[in-house]
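Please look over the complex below before reading on. The report then takes up helix packing, the ligand shell, the chain contact and confidence.

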Amino acid sequence: MRRLAVIALPYLWLLALFLVPFVIVLKISLSDTAIAIPPYTPILDLSAGWDGLRDFVADLDFENFAFLATDDLYWKAYLSSLRIAFVATVLTLLVGYPVAYAMARAEESWRPLLLMLVILPFWTSFLIRVYSWMGILSQEGYLNQLLMGLGLIDQPLTILNTNAAVYIGIVYTYLPFMILPIYATLEKLDTSLLEAAEDLGCSRMSAFWLVTVPLSVPGILAGCFLVFIPVIGEFVIPSLLGGSETLMIGKVLWEEFFSNRDWPVASAVAVILLLILIVPIVLFQRNEQKQREAGG
Amino acid sequence: MSPQTVFAPWEDPASKPLIRFYGVTKRFGDFTAIDNIDLDIFEREFFALLGPSGCGKTTLMRMLAGFETPTEGTIWLDGRDIGPVPPNKRATNMMFQSYALFPHLNVRDNIAFGLRREGKPKDAIAARVDEMLRLVQLQKFAGRKPHQISGGQRQRVALARCLAKAPRLLLLDEPLGALDRKLREETQFELMDIQEKTGTTFVIVTHDQEEAMTVASRVAVMDHGKLVQVATPDVIYEAPVSTYVADFIGDVNILPGRIAAQDGTRVTIDWAEGQPAIAARTRLALAPGSAAYFAIRPEKIAISAARPEGAANAVAGKVLDIAYLGNISTYHVELPGGQVIKAQSANTDRIAAREFTWEDAAWLSWTDAAGVVLDR
Ligand SMILES: Nc1ncnc2c1ncn2[C@@H]1O[C@H](COP(=O)(O)OP(=O)(O)OP(=O)(O)O)[C@@H](O)[C@H]1O
Ligand SMILES: [Mg+2]
């Protein structure tokens, strides 16, 4: 009985926090818009009994999904999100790997402090941190002031409201998710492997490429998925830092919900987004599984 | 005539050592791991390092491989100070005590790793790897990753990996510890064979004194970062310089006492109340009354029921314990004063026909040249 409860608990949790909301969203995505509160029809009326339920189901259809296929805004937004997420993931990896490497090579007594510093930004609101980037990147922002003060440029650069600003924002925000898993694999890397590589004729550099990098692949993959997956649906960063050129599905979703008040279409967008995300999530899980098996 | 009796470059003042440690000290913080070592190792030697855990064997090896730099002193290889030479430029390969196999590569790729760095042609590498796999009997496991094979198999992969490049100097840190006896003996002979063929110089760390005796041209016994004795295995065994060395290698009885008298090489040692002084021979000059130790191997003590005629030394006691080891038996004989002396004899008869059993009275005897007199 106790065992059953232990097993059932996480499933109940999943059911309540994931499956039920998903079913509600799915239901809305199959409905039609209406000028009402809530702004869609049909509404499930359980008091009408079996007949009410049958009528309700008969009224559901895939119209909204068909609509998504006809308007190229949507699939372009999906593609653009995937592309931005991909580029941002690569950029985050390029910044995060050296940081993780330096941390793993630092004196052991320093490492807890360095870890703290990586996690520290989480202690302030994400929104405030993104806003502060607006202050840094804007025309009169600190960055332009600094560059002009140094005489490197004489016209302020336009960074805010471009894709560049979005990338900066994403790399900044998601960096810890990249650093931590890579650090974890690098930290447990046995340094005698590097000595063995050098002993067998490798330079420091080639030992890095032939031993360190292959052995940190599980960490790299984990970090990439942890960045890639949430960035696809990212909404705050493109809305605050991006411009008109920045097309991301999270922004489209938001506009459908709150500007157009078209809940059914917005829900359909969300359902498709979820289906797209399943692929990297499954790959991520598989990577974690493999790492666990190799580890013990 | 065995090659070991002929091969003795360390006795020839004209021969140049391959490796020369020159006043080498290594400190980790304020801990001295290697303490002012001077040592010559010659080309084609099979040099064994012996010593208790933590005495600095691995550290000595790591300095040769280039992973540690001496705090003081210099190391010369082939007449060249190798201080500034990085590990990948040294003509040495090391087999790590922890094996350090690359977990992401299979057995074959692990062995090929060093060969690939030399940029040799592909089929030459493949042929060499096959040869190594055959040598360590791992052909069947070539495709496995290190975590998919047993500890002994891993050890053999590590051995094959460092042998593959056929370096001038091979450093083996406990290369055979995880192998079963039969495979260990086979591999020992393989190593000696490889050495004969290629002329590689071996420095090997071992905890197994029998192994050191079998394979080594010379043995160095270490203690707390110092070399206590460097000599051929038979000298180490028969003529240890201290009780530490005598005790470290093989079984030994150490009887502390005082010099009673010395006449040339003949010396007598008082060692126990009511027992006759031990008659022995020594080259040491010892003052009468000074402390000394008499060390004698159990197999050099004869055990008999009656007092043997004409023995230089004979003591009586009773059998306390018998350790039956198959080919030999070790008798623990207690003397009236409580001292226990071990004597060994070959089991030429089956057990049932044995002469002694527990509590039997027995005589122990040895000649005056059977043991060594030590002053420390
Ligand atoms: N990097 C290091 N930092 C501090 N102390 C060290 C370091 N490496 C070795 N030591 C110390 O130096 C001493 C000698 O170590 P070493 O590894 O050479 O021993 P060993 O003779 O190989 O022992 P074992 O037979 O257990 O392998 C030990 O006391 C060890 O603790
Ligand atoms: Mg060691």
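## Helix packing in chain B

In this predicted model, helix α4 (residues 122–135) of chain B packs against helix α5 (residues 151–164) of chain B at an angle of about 140°. Their axes are 10 Å apart. An angle over 145 degrees would count as roughly antiparallel, and 65 to 115 as roughly perpendicular. α4(B) and α5(B) are therefore oblique to each other. Their crossing is right-handed.

Which residues meet here? From α4(B) come Arg128(B), Val129(B), Met132(B), Leu133(B) and Leu135(B). From α5(B) come Ala160(B), Leu163(B) and Ala164(B). By class, the contact of α4(B) with α5(B) has 7 nonpolar residues, no polar ones and 1 charged.

## Helix packing in chain A

Chain A has a helix pair to set beside this one. The axes of helix α4 (residues 72–105) of chain A and helix α8 (residues 163–187) of chain A come within 6 Å. They cross at roughly 45°. That makes α4(A) oblique to α8(A).

α4(A) passes α8(A) in a right-handed crossing. The contact of α4(A) with α8(A) is made up of 23 nonpolar, 2 polar and 1 charged residues.

## The shell around ligand 1

Ligand 1 is surrounded by residues of chain B. Among them are Phe28(B), Phe31(B), Ala33(B) and Gln97(B). The shell also includes Gly51(B), Ser53(B), Gly54(B), Cys55(B), Gly56(B), Lys57(B), Thr58(B) and Thr59(B).

Which elements of chain B each supply at least two residues of this shell? They are β2 (31–41) and α2 (57–65) of chain B. α2(B) gives the most, with 3 residues. By class, the shell has 4 nonpolar, 7 polar and 1 charged residues.

## Where the chains touch

The contact takes 16 residues from chain B and 14 residues from chain A. On the side of chain B, β6 (92–95) and α3 are the elements that give two or more residues. α3(B) gives the most, with 3 residues. The side of chain B that touches chain A divides into 9 nonpolar, 5 polar and 2 charged residues.

## Confidence

The predictor gives the complex an ipTM of 0.79 and a pTM of 0.80. Chain B has a mean pLDDT of 86. In chain B, 97% of residues reach 70 or more.

Where is confidence lowest in chain B? Helix α1 (residues 3–6) of chain B has that place, at a mean of 54. Helix α3 (residues 107–117) of chain B is highest, at 93. α3(B) is also the element that gives the most to the side of chain B that touches chain A.

Technical notes. Residues are numbered from 1 along each chain as its sequence is written. Chains are lettered from A and ligands numbered from 1 in the order in which they are written. This is a predicted model: local features need pLDDT of at least 70, side-chain atom pairs count only at pLDDT 80 or more; totals for chains, interfaces and linings use all residues. Axes are lines fitted to C-alpha atoms, for helices over the stretch in contact, and angles run from 0 to 180 degrees between N-to-C directions. Helices (H or I, at least four residues) and strands (E, at least two) are DSSP runs, numbered from the N terminus. Angles under 35 degrees count as roughly parallel, over 145 as roughly antiparallel, 65 to 115 as roughly perpendicular and the rest as oblique. A crossing is left-handed if the near helix is turned anticlockwise from the far one by less than a right angle, and right-handed if clockwise. Ala, Val, Leu, Ile, Met, Phe, Trp, Tyr, Cys and Pro count as nonpolar, Asp, Glu, Lys and Arg as charged, and the others, Gly among them, as polar. pLDDT is the predictor's confidence in each residue, from 0 to 100. Two residues are in contact if their C-beta atoms, placed from the backbone, lie within 7 Å. A residue is near a molecule or strand if its C-beta atom, placed from the backbone, lies within 6 Å of it.
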